[in-house]
Amino acid sequence: VSRRWWTVVVVAGAVLISLVLWVLPGAPAEPDSGRRTAPALTGTDLDGRRHDLRDLRGSIVLVTTWASWCAPCREEVPVLAAAADRYGHRDVRVLGLNTQDTPERARAFVAAEGVPFPSVVDADGTISVEWGVRGLPETFLVDREGRVAAHRIGAVTTEWVDEVLEPLLAAEEAPS
Amino acid sequence: VRGWWRGAALVLAMLLAVLGLGFAAAGDPGPVTQETQVRAVASGLRCPSCAGEDVADSAAPLARAMRGVIDGHVAEGRSPDQIRDWFAERYGDEVLLDPPRSGAGWWLWLLPFGVLGTATWLMVGARGRTRTAVVATAAVLVCTGVWWARSGADRTTPALAAPSGADLDGADLLARAVSLEPGDAELRLALGRALDGAGRTGEAAEHYAAAARLRPLDPDPAYLQAFALVRSGNSGDARAVLEQSLDRRAEHAPTLLLLGTLWWEAGDQGAAGLLRRFLDLDPGHPAADQVRVMLEEAAQ
């Protein structure tokens, strides 16, 4: 067999391997709609009451990360409060994750802004890392099966809340 | 047969050179403690909220939290690869400083082996002048690689020592350190102070601002930034910085004094309230008597 022939074989093999590797997925896809299971969220809130996201299985939960030093977090409080009001009767809850903050400042923020939902304290930020949070605020929509159905980086808006919640609720009401 | 032996000897020599390069690049790993394991993993992760910093060296709050998580995983006995995968699941492959072993990332891992295989094939198959050229090229590449690996420590360690005979002042040295460690709040503050001392208040304010972003819960960098802005004639920006800082922490006496004074100068109604809060918090402050006099005069 000539050397030229070997060169052709090697180049063709390399191209073939590269094509196979290119189309291989990086990670196995989840069998369902692509929603990943929400990470654990357990801890005490600013009043010392214990919360566990697993206890809210069966409800739709907006998990929102915030801190008293974060200006956009202040802006989104009325939006989240309104969402809890408008969708509360359809079993939609809001659970805060107060991250990298001090309890005094966080309580002052809650009082000043009228935050109506409880917030698990994440003083060292490790729960936020568990959720893959990059900056504040970030909000996750967790469906009734405990999977992340939507994720928002930055302050939430009424439009975003409606956009992600309405289809989820409509799908539940649709005849199966 | 003689040609075969010669080829085998060349391959062996090349393998030895590559192994030598590997050892040179790896260096002395030192004792393996939990801290070194955490640092090793953190060095391979990109800080998602920083510009071009790894998790090991970033002073950003998120990087600090990530180091805490890595520490927990190491304590639980997870391997570095498992921890890397854990982070990639949450932050995507872009959090990994090394390319992932999946999809297109495979190519980057296979590349060195491809080069090695091709070189071996060429060396065994080549004849005469071609073989000499291949060996010479390989030798140059290996030497360059060893030099690059040896100089690696210089690239990754901040060069803080003053070069002999250079006319660098403290600010220049600190500026160099900051360019190597842009996420270190302490270095930013030190550079800010050095620039402040040299009368370069505008530049100082920029570095205090960076320190304030890195330490959002600490009111001191924001106060220093505002003070530098005032001295560079930018009282408007200083007021905005102080007002934002006061929102985060309402009981910081220097912030109350400076913002109260700025509001006072601008004839703002709220100034007296801020200055009274300052007096309540720090009645023994050197400026307290002057503030009392101001407030009393205004009340009459």
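At roughly what angle do the axes of helix H2 and helix H5 of chain A cross? The views below start there. This is a predicted model, so local features need pLDDT of at least 70, side-chain atom pairs count only at pLDDT 80 or more, and totals for chains, interfaces and linings use all residues. Residues are numbered from 1 along each chain as its sequence is written, chains are lettered from A in the order written, and side-chain values use heavy atoms, without hydrogens or water.

**View 1. Helices H2 and H5 of chain A.** The axes of H2 (residues 71–87) and H5 (residues 158–173) come within 10 Å and cross at roughly 30 degrees. That makes the two roughly parallel (angles under 35 degrees).

View 2. Look at the link from A:Leu136 to A:Pro137: it's cis, with omega near -10 degrees. A:Pro137 sits in the loop between helix H4 (126–130) and strand E6 (138–142) of chain A.

**View 3. A:Asp91 and its positive phi.** Here phi is near 65 degrees, in a residue other than glycine. Most residues other than glycine have a negative phi. A:Asp91 lies in the loop between H2 and strand E4 (92–99) of chain A.

**View 4. A:Gln100, with phi near 50 degrees.** You'll find A:Gln100 in the loop between E4 and helix H3 (103–113) of chain A. At 15% relative accessibility, A:Gln100 counts as buried (under 20% relative accessible area, 1.4 Å probe, protein chains only).

Note on methods
Axes fitted to C-alpha atoms, helices over the stretch in contact; angles between N-to-C directions. Helix = DSSP H or I, 4+ residues; strand = E, 2+ residues; numbered from the N terminus. Parallel < 35°, antiparallel > 145°, perpendicular 65-115°, else oblique. Buried < 20%, exposed > 50% of the residue type's maximum accessible area, 1.4 Å probe, protein only.
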